[in-house]
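Student: Could you go through this one with me?
Tutor: Gladly; here it is.

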Amino acid sequence: MFRQAKVNRVDKKQIPLLIHKLKTGQATDRDKQMLEEYWDSAISDTLFLDEMSSASVEKLKNEMFHAIQVRLGLNK
């Protein structure tokens, strides 16, 4: 049986705008709270990882680590 993903009060389409407002110093306390709630929900929602095989999870971790290294200029 599949678990249902948690419903976030923040629409995913709002996230880029909220991040932009945070980066430019324009975020209100409510904007910051919404981002925090979204982040907390994303961290605790393991639905997709729970349904992946061990090999797929390991591949995803490696791909994410590589992407982070490239983004930081540590690997090309």
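Student: What should the 18 residues of helix α4 span, and how far apart are its end C-alpha atoms?
Tutor: At 1.5 Å a residue, helix α4 (residues 54-71) should span 26 Å, and its end C-alpha atoms are 26 Å apart, which agrees. The expected span is 1.5 Å times one less than the number of residues. This is a predicted model, in which local features need pLDDT of at least 70 and side-chain atom pairs count only at pLDDT 80 or more, whereas totals for chains, interfaces and linings use all residues. Residues are numbered from 1 along each chain as its sequence is written, and side-chain values use heavy atoms, with hydrogens and water left out.

Student: Switching to Ala27: where is its place, and why is it counted as buried or exposed?
Tutor: Ala27 lies in the loop between α1 (15-23) and α2 (29-44). Ala27 counts as buried because its relative accessibility is 15%; buried means under 20% relative accessible area, exposed over 50%, and partly exposed in between (1.4 Å probe, protein chains only).

Student: Which residues does Ala27 touch?
Tutor: Leaving aside residues up to four places away in sequence, Ala27 touches Lys21, Leu22 and Lys32, a contact being heavy atoms within 4.5 Å.

Note on methods
Helices (H or I, at least four residues) and strands (E, at least two) are DSSP runs, numbered from the N terminus.
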